[in-house]
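Subject: Structure for you to look at

Hello,

Here is the structure I promised to hand over. Please open it and keep it beside you while you read.

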Amino acid sequence: MLADFHIHTCFSGDSEANVDSIIQRAISKGLKHIAITDHNDFEFEDGKFELDIEKYYEYMTNKKIEYKDKINLSVGIECGLEPRFADRINKLMSSYEFDFVIGSSHVINGRDPYYKEYFENRPVHDAMVEYLESIIENIHIFNDFDVYGHLDYMMRYAPVSPEEKRYNYNEYGELFDKILTTLISKGKGIEINTSPLRSGLTDTNPNMQVIKRYKELGGKIITIGSDAHKPEDVGANFNDAKKLLIDAGFSHFNVFSGRKALEITI
């Protein structure tokens with residue numbers, strides 16, 4: 001697996017990773033393609049996750065040129081999608097020529113599942129339903145993204161045992177089918193996010209059942225991302241991701257350049 005398409009650096013509010021250290025780590029691991037996809041979530045945690053877009057875009061574009069003979073660097077962004085910021089998000093996306101855009105759901109009705117308050121006074125099932133319904137709403141409102149990030153992100157932080165986090169697709173099948181069919185109809189992809197495997201969980205985001213169902217429904221665009229926030233995690237658990245792809249019926253994964261999906265044969 002030669003490409004990591006979900007990486008964060010010190011431009012993200014939750015990372016202190018030096019950009020050169022990230023890129024050099026990718027090169028040392030033999031990666032041929034990476035996308036740095038730092039966070040932008042409007043008006044969250046006192047602006048902690050709002051990118052200095054002009055500085056970020058210029059800096060990463062220069063790094064893309066600097067390292068062009070050593071690695072293919074795609075200048076990306078992970079954009080937190082929220083309907084209340086639709087105008088601001090659309091303006092941001094139309095103002096910069098990114099190579100790759102991850103659309104993600106981090107804040108749902110003002111709350112982030114990363115924090116325990118999201119789950120208070122309700123079953124995990126109800127919290128998951130709200131999360132998936134918010135994704136459906138986002139997909140209908142937003143068009144300017146390439147893949148939807150970590151589709152079951154909420155389950156990563158659910159206050160239950162690792163075994164209980166291994167939900168069955170059928171429990172939420174109607175909602176997932178709406179998400180996947182809409183993404184496919186709009187020419188959008190999904191990612192395999194390996195981050196949960198580093199924290200002791202046994203499933204990626206999303207899990208194998210979702211990935212397999214995406215393929216069954218005709219999904220073709222799929223990227224692999226470590227969601228690294230530090231150099232040592234770049235490309236982590238990609239052998240697991242490769243196995244998932246093959247088991248789900250894929251013979252390729254994708255990278256993006258200039259917002260165009262390119263296929264890489266496994």
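Below is what was found in it, taken topic by topic. Please keep in mind that this is a predicted model.

**Backbone**

Start with the peptide bonds. Asn 205 and Pro 206 are joined by a cis peptide bond. Its omega is about -10°. To find the spot, look at the loop between strand E6 (189–193) and helix H7 (208–216), where Pro 206 lies.

Next, look at phi. Asn 121 is not a glycine, yet its phi is positive, near 65°. You will find Asn 121 in the loop between strand E4 (100–104) and helix H4 (124–141). Is Asn 121 buried or exposed? Asn 121 has a relative accessible area of 81%, so it counts as exposed, the cut-off being over 50%.

Arg 259 also has a positive phi, near 70°, and is a residue other than glycine. Arg 259 sits in the loop that runs between strand E8 (252–257) and strand E9 (260–265). With a relative accessible area of 24%, Arg 259 is partly exposed.

The largest pocket has a volume of about 410 Å³. It is lined by 22 residues. Which of them are closest to its centre? They are Asp 14, Tyr 114, Tyr 153, Tyr 157 and His 229. Sorted by class, this lining has nine charged, seven polar and six nonpolar residues.

The second largest pocket has a volume of about 200 Å³. Among the residues that line it are Arg 156, Lys 165, Arg 198, Lys 230 and Asp 233. By class, the lining of the second largest pocket divides into five charged, three polar and two nonpolar residues.

**Salt bridges**

How many salt bridges does the structure hold? It holds 18. Here are some to look at.

Begin with Arg 213. Its side chain meets that of Asp 177 in a salt bridge, 3.0 Å from N to O. This pair links distant parts of the chain. Arg 213 is in helix H7, and Asp 177 is in helix H6 (residues 173–185), 36 residues apart. Both ends are partly exposed: Arg 213 has a relative accessible area of 25%, and Asp 177 has 22%.

Arg 213 also meets Glu 216 in a salt bridge, at 3.5 Å from N to O. How far apart are Glu 216 and Arg 213 in helix H7? They are three residues apart, so about one helical turn separates them. Glu 216 is exposed, at 52% relative accessibility.

Then go to helix H8 (residues 238–248). Lys 243 and Asp 247 both lie there, four residues apart, about one turn of the helix. They form a salt bridge, with the closest N and O atoms 2.7 Å apart. Lys 243 is exposed, with a relative accessible area of 52%. Asp 247 is partly exposed, at 42% relative accessibility.

Asp 20, Lys 63 and Glu 66 are joined into it by salt bridges that share partners.

That covers the backbone, the pockets and the salt bridges. Please go through them in the viewer in that order.

Best wishes

Conventions. Residues numbered from 1 in each chain as written. Predicted model: local features only at pLDDT ≥ 70, side-chain atom pairs only at ≥ 80, totals over all residues. Heavy atoms only, no water. Helix = DSSP H or I, 4+ residues; strand = E, 2+ residues; numbered from the N terminus. Buried < 20%, exposed > 50% of the residue type's maximum accessible area, 1.4 Å probe, protein only. 1 Å grid on protein atoms, 1.4 Å probe; cavity = no way out; pocket = protein on both sides within 12 Å on 5 of 7 lines; lining within 4 Å. Points joined across faces, edges and corners; volume = space filled by probe spheres on them. Nonpolar A, V, L, I, M, F, W, Y, C, P; charged D, E, K, R; others polar. Salt bridge = Lys/Arg side-chain N within 4 Å of Asp/Glu carboxyl O.
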